[in-house]
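Open the model in your viewer and keep the selection tool at hand. The tour goes from the whole chain to single side chains.

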Amino acid sequence: ALVQAIRSRSQRRVETTESIGVQPDAREAACFAVLGALCQDGVEITLPGVTGAKSRMLSGSWINSR
């Protein structure tokens with residue numbers, strides 16, 4: 001229903017991730033994998049206007065649990 005509502009109000013083509021080979025059950029994991037890779041590469045993944053953070057910053061941390 002949500003995708004259909006977006007399609008009916010959008011002037012662009014709307015597709016699901018399944019159309020590009022990402023199964024719906026894997027979407028969240030794929031998103032976090034991309035965000036993690038960007039963060040490790042030093043790319044800021046937070047925007048103050050979106051997150052409410054006071055400034056742009058690198059997010060997350062890599063922890064060795066040994």
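pLDDT is the predictor's confidence in each residue, on a scale from 0 to 100. This is a predicted model, so colour the chain by that score before anything else. The protein chain averages a pLDDT of 83. Of its residues, 82% score at least 70. Where pLDDT is low, the predicted coordinates should not be read in detail.

**Whole chain.** Switch to cartoon. The protein chain has three helices and zero strands. Read from the N terminus, the order is α-α-α. Now select helix α1, residues 2-9. Among the elements, α1 has the highest mean pLDDT, 94. Move to α3, residues 48-51. Its mean pLDDT is the lowest among the elements, at 78.

**Surface.** The protein chain exposes about 6,000 Å². Carbon and sulfur atoms supply 55% of that area. Of the 66 residues in the chain, 8% are buried.

**Helix α2.** Select residues 27-40. How far apart are the end C-alpha atoms of α2? They are 20 Å apart. The 14 residues of α2 should span 20 Å at 1.5 Å a residue, so the two values agree. Step past the helix to Gly42, which follows α2. Gly42 has a positive phi, near 85°.

**Nonpolar patch.** Select Phe32, Val34, Leu35, Leu38 and Val43. These residues form a nonpolar patch on the surface, with about 410 Å² of accessible area together. Keep Val43 selected. Val43 sits in the loop between α2 and α3. Its relative accessibility is 38%, so Val43 counts as partly exposed; the class runs between 20% and 50%. A reminder for viewing helices: an α-helix has 3.6 residues a turn, so residues three or four places apart point the same way.

**Cysteines.** Select Cys31 and Cys39. Which of the two is buried, and which is partly exposed? Cys31 is partly exposed because its relative accessible area is 48%. Cys39 is buried because its relative accessible area is 13%, and buried means under 20%. The disulfide count for the model is zero.

**Salt bridge.** Finish with Glu15 and Arg13. How many salt bridges does the model contain? The count comes to one. Glu15 forms a salt bridge with Arg13. Draw the distance: the closest N and O atoms are 2.5 Å apart. Glu15 counts as partly exposed because its relative accessibility is 39%. Arg13 counts as exposed because its relative accessibility is 73%.

How values were computed:
Residues numbered from 1 in each chain as written. Predicted model: local features only at pLDDT ≥ 70, side-chain atom pairs only at ≥ 80, totals over all residues. Heavy atoms only, no water. Patch = residues over 30% accessible without salt bridge, like charges linked within 9 Å, V, L, I, M, F, W, Y side chains within 5 Å. Areas by Shrake-Rupley, 256 points an atom, 1.4 Å probe, with all protein chains shown as cover. Salt bridge = Lys/Arg side-chain N within 4 Å of Asp/Glu carboxyl O. Helix = DSSP H or I, 4+ residues; strand = E, 2+ residues; numbered from the N terminus. Buried < 20%, exposed > 50% of the residue type's maximum accessible area, 1.4 Å probe, protein only. Expected span 1.5 Å × (residues − 1). Disulfide = S-S within 2.5 Å.
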